[in-house]
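Take a look at the sequence and the model below. The paragraphs after them go through a few parts in turn.

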Amino acid sequence: MAEQHTLEIKDLYASVETKEGRKQILKGVNLTVHSGETHAIMGPNGSGKSTLAYTLAGHPKYEVDSGEALLDGVDILKQTPDLRAKEGLFLAMQYPVEVPGVSMTNFLRTAKTEIDGKAPAIRTWAKELGEAMKRLRMDPKFASRSVNDGFSGGEKKRAEVLQLELLKPKFAIMDETDSGLDVDALRIVSEGVNRAKENTGLGILMVTHYTRILKYIKPDIVHVFADGHFVKTGGPELADYLEEHGYDEYLPEGADSESALA
Ligand SMILES: Nc1ncnc2c1ncn2[C@@H]1O[C@H](COP(=O)(O)OP(=O)(O)OP(=O)(O)O)[C@@H](O)[C@H]1O
Ligand SMILES: [Mg+2]
C-alpha cells in the first residue's frame with residue numbers, strides 16, 4: 001500500500017493587495033484530504049478557487065492572514081514555495097506560465113533533482129521522460145522546446161500532467177486542468193492523472209467547472225466553493241445537481257454572478 005499522507009487546511013484567511021486596497025479573498029477555508037482521495041472543487045467564477053491554489057503553493061501575491069495548511073502535521077504556509085514542492089505539494093496552474101529560454105527537459109530534470117534532493121540517473125530518467133510523454137501523446141520535440149512557450153492551451157495542460165507524473169507529489173491541486181481540452185485530450189490527460197493516483201497514492205484537489213472530467217476522474221467528494229470558503233460538501237451526485245441548478249443558492253444574499261457589473 002502507498003504511504004498515507006494528510007493535507008489539512010484549517011480556517012485559512014488570505015488577501016491580496018489591489019489598487020483599491022487589501023481585498024480579503026479566502027474567508028475561512030477548511031478542508032482535509034488524505035492520500036488516494038479525489039476532491040472536486042466547484043464554484044462560481046471569482047469565488048477564490050485559484051487564490052486557494054496559489055496560496056497553498058506559496059504565490060507571493062497572496063498574503064496569509066490567519067489559519068494553517070498542515071501537510072502531515074507541518075504548516076506549509078510558513079515554508080518557501082520550493083520547500084512546499086519538496087514536501088510533496090504540486091500545483092497544475094489554470095494558466096501555465098511560459099518560460100522562454102528554458103527547455104522542458106532542463107526544467108523537468110532540474111525540478112526532479114530539487115525535489116528528490118539528488119539528480120535522477122541519466123538513462124532511467126531519459127526513459128521515464130520519453131515513456132511519460134508517449135503516454136500523454138506528446139511529440140518528443142516538445143522536450144527541447146521552451147517551457148510552455150507557444151504551446152496551445154491543451155498542450156500546456158498536457159505539460160502540467162507530464163510534470164505531475166514525473167515529480168510524483170503527495171498532493172496535487174489541479175486548477176481547471178480540464179478547461180480547453182478536446183475530447184481526446186480530456187481522456188488522455190485524465191488517464192495521466194489516474195495513473196499518478198494509482199502509482200503513488202496521490203491525493204487530488206481538482207478545481208473544475210465541468211462534470212465531463214468527473215466521468216474519467218471519479219471524485220470521492222465534491223465541494224462547493226463560494227465567496228472565499230467551502231459552503232457545501234457531498235458525493236459525486238452533487239456535481240450533477242450543480243450542473244443543473246447552478247450556484248445561486250450558495251451565493252450571498254442578493255448577489256449573483258452579474259452583481260459586480262450592476
Ligand atoms: N492580484 C489581484 N488583484 C485584484 N484582485 C484579485 C487578484 N487576484 C485575485 N483577485 C480577485 O479575487 C477573486 C478570486 O479570484 P480567483 O482567481 O481566485 O477566482 P476563481 O474562483 O479561481 O475563478 P474562476 O472560476 O474564474 O477561475 C476575484 O474577484 C479576483 O478578481
Ligand atoms: Mg480560477
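Two strands pair if DSSP finds at least two bridges between them; strands (E, at least two residues) and helices (H or I, at least four) are DSSP runs, numbered from the N terminus. By this rule, five bridges join strand 9 to strand 10 (residues 203–207), and the two run parallel. Asp 175 stands opposite Val 207 in strand 10. Strand 6 is also parallel to strand 9, joined to it by four bridges, and Leu 89 has Phe 171 as its bridge partner there.

This is a predicted model, in which local features need pLDDT of at least 70, side-chain atom pairs count only at pLDDT 80 or more, and totals for chains, interfaces and linings use all residues. Residues are numbered from 1 along each chain as its sequence is written, chains are lettered from A and ligands numbered from 1 in the order in which they are written, and side-chain values use heavy atoms, with hydrogens and water left out.

Why is strand 9 largely enclosed by the rest of the structure? Five of the five residues of strand 9 (residues 171–175) are buried, where buried means under 20% relative accessible area, exposed over 50% and partly exposed in between (1.4 Å probe, protein chains only). Phe 171, Ile 173 and Asp 175 cover one side, Ala 172 and Met 174 the other.

Glu 87, in helix 2 (residues 81–87), is partly exposed because its relative accessible area is 29%. Glu 87 touches Leu 71, Gln 79 and Lys 170, not counting residues up to four places away in sequence; contact means heavy atoms within 4.5 Å.
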